[in-house]
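Trainee: I would like to go through this structure with you, one question at a time. Please show it first.

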Number of protein chains: 2
Amino acid sequence: MVGDTVQLLERHACCGGEVSFLSHASRELGLDAKVGVFLPRQALEGASVPTIYVLAGLTCTQETFLIKANAVRYAAKHGIALIAPDTSPRGANIAGEDDSYDIGTGAGYYVDATAQPWSEHYRMASYVGKELPALMEETFPFIPERCGIMGHSMGGMGALSFALSAPDKWKTVSAFAPLSSPSRTDWGEKAANLYFGGNQSLWQQYDPCLLLKAGKHHPGTLLVDQGLSDNFLEKLQPNLLQEAARSAGQALTLRQHEGFDHSYWFVQSFIEDHINHHAAELRA
Amino acid sequence: MVGDTVQLLERHACCGGEVSFLSHASRELGLDAKVGVFLPRQALEGASVPTIYVLAGLTCTQETFLIKANAVRYAAKHGIALIAPDTSPRGANIAGEDDSYDIGTGAGYYVDATAQPWSEHYRMASYVGKELPALMEETFPFIPERCGIMGHSMGGMGALSFALSAPDKWKTVSAFAPLSSPSRTDWGEKAANLYFGGNQSLWQQYDPCLLLKAGKHHPGTLLVDQGLSDNFLEKLQPNLLQEAARSAGQALTLRQHEGFDHSYWFVQSFIEDHINHHAAELRA
């Protein structure tokens, strides 16, 4: 299934299926991009399967979610593929790109930058939202009409943002400790100063709370888990998401957990519920 | 539970219990040592629980097995604690210690070195076999009579070695892709050249196949999983373990799996069976 367009970097039998890491030349990013893929047994046998895109947070790579979230066994159980994109372009060679954890490398925020020098490569919204699904669906036996999306932290924001913007594509959505309203955080302000050339209003295209306020709606239920001992709680602001969903009439299941922090030890504690949430719809 | 003797480095709620990473001054190693611990809910509530020691392979740390093996959820299910030691002393400052992946840092082989300069710090057999269990049992509500041990690769060798040498302590044992007979590999020869000053015969105290040949016996069944696409198969030599167990009348369940390699993607695919194997006895 992997050929000229997509190069296989590594492949490992896992849970009856196969975890692989791939590289491809991305048109949107103007660079080579890596992606992690779990194919369940059914896909290896040629059956068409649903997919869940899993988006990681700041500083992470295409490996993080697959290694740390313990999602593979549950995806295997339901016969669902997992697609794990990277969190930013790599090697754009922009001054300052590698200087801080919250901008540049590892911090693409799943947006399309509009300001130079970022706008040439930092196009994660178009990459994850369009280019990558099309490529994956050409390469593997995936059912384009059965896609879910989930993420953690910055990736949770990305998952909510993609699903609210394109509910026809992303049939199911969930998030762990998502950045609910990046425009109201110093992370988001810094990102907009660089990626949007200071035009903070461009967050309206991506900020989950602003999307809800603008009338975007997802027909499914947003499943969100949040730890109450999360160090980043003041930036994540699950209360803003709850208010925005209530005002917009958006179905949201927000579960807040005493004692859990921001780590993947938290994510793995609830991943089974998330995969089940997606499978209920994608496998219906 | 953690105090003067053991310092808490980090603690994360996970799967109803708690994953923590600790540091303590090790008498055997003559250095500070780190250890990962999963405490199930029952232990947090003050009940005494069984433990499984999980030993990682070359290049790994006290984090590797806990992060990558996906064992926590099954330990949680059975109310069993996990203890993840490091794979060598750290910071012994021996010339060449950090030069190769298969000797020195990350490559303690769970043996006690006898030759200078290694013998002062490289005492992983005494550390993991005696000092650490005593410390853990002083610190946490663990049942000293209900200990299991498992490991991966070099750690699989360690698990078999500890269990055959001290079956009264280690009631249950299992291994993923263990180094079955280190004395018959270039890894083992190199380790003996340095740690044992060239005295290859000291492997008789540790080499699982040589222990079986010398009459050591474990009353339980050794559960061993091995991938048949493992790059290290020629060094691991599961056939030698099978022959030694047969000759010695040692119960062994050796499962060989087509297509699986040496990675934790393999380990996580069969970890549930291993935890169940230990739980059946430790929770009986």
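Trainee: Is B:Thr59 buried or exposed?

Mentor: First, some ground rules: this is a predicted model, in which local features need pLDDT of at least 70 and side-chain atom pairs count only at pLDDT 80 or more, while totals for chains, interfaces and linings use all residues. Residues are numbered from 1 along each chain as its sequence is written, chains are lettered from A and ligands numbered from 1 in the order in which they are written, and side-chain values use heavy atoms, with hydrogens and water left out. Buried means under 20% relative accessible area, exposed over 50%, and partly exposed in between (1.4 Å probe, protein chains only). The relative accessible area of B:Thr59 is 52%, so B:Thr59 is exposed.

Trainee: Where does B:Thr59 lie, and what is its phi?

Mentor: Helices (H or I, at least four residues) and strands (E, at least two) are DSSP runs, numbered from the N terminus. B:Thr59 lies in the loop between strand S4 (49–55) and H2 of chain B. Most residues other than glycine have a negative phi. B:Thr59 is not a glycine, yet its phi is positive, about 80°.

Trainee: What is the phi of A:Cys15, and is A:Cys15 buried or exposed?

Mentor: A:Cys15 is found in the loop between strand S1 (6–14) and strand S2 (17–26) of chain A. A:Cys15 is not a glycine, but has a positive phi of about 50°. Its relative accessible area is 18%, so A:Cys15 is buried.

Trainee: Which peptide bond is cis in chain A, and which in chain B?

Mentor: Most peptide bonds are trans. In chain A, the bond from A:Gln116 to A:Pro117 is cis, with omega near -5°, and A:Pro117 is in the loop between strand S5 (81–85) and helix H4 (124–139) of chain A. In chain B, B:Pro117 lies in the loop between S5 and H4. There the cis bond, with omega about 0°, joins B:Gln116 and B:Pro117.

Trainee: Is B:Gln116 buried or exposed?

Mentor: B:Gln116 has its place in the loop between strand S5 (81–85) and helix H4 (124–139) of chain B. Its relative accessibility is 62%, so B:Gln116 counts as exposed.

Trainee: Which residue forms a salt bridge with B:Arg123?

Mentor: A salt bridge is a side-chain nitrogen of Lys or Arg within 4 Å of a carboxyl oxygen of Asp or Glu. The closest N and O atoms of the pair are 2.9 Å apart, and the partner is B:Glu28. B:Arg123 is in the loop between S5 and H4 of chain B and the partner in the loop between S2 and strand S3 (31–39), so the bridge ties together parts 95 residues apart in sequence, the partner being B:Glu28.

Trainee: Which residues are linked in a network of salt bridges in chain A?

Mentor: One bridge joins the side chains of A:Arg123 and A:Asp112, at 3.9 Å from N to O. A:Arg123 is partly exposed at 24%, and A:Asp112 is buried at 13%. The network consists of A:Glu28, A:Asp112 and A:Arg123.

Trainee: Why are the buried residues of H6(A) on the same side of the helix?

Mentor: In helix H6 (residues 186–195) of chain A, the buried residues are A:Trp187, A:Gly188, A:Ala191, A:Ala192 and A:Tyr195. An α-helix has 3.6 residues a turn, so residues three or four places apart point the same way.
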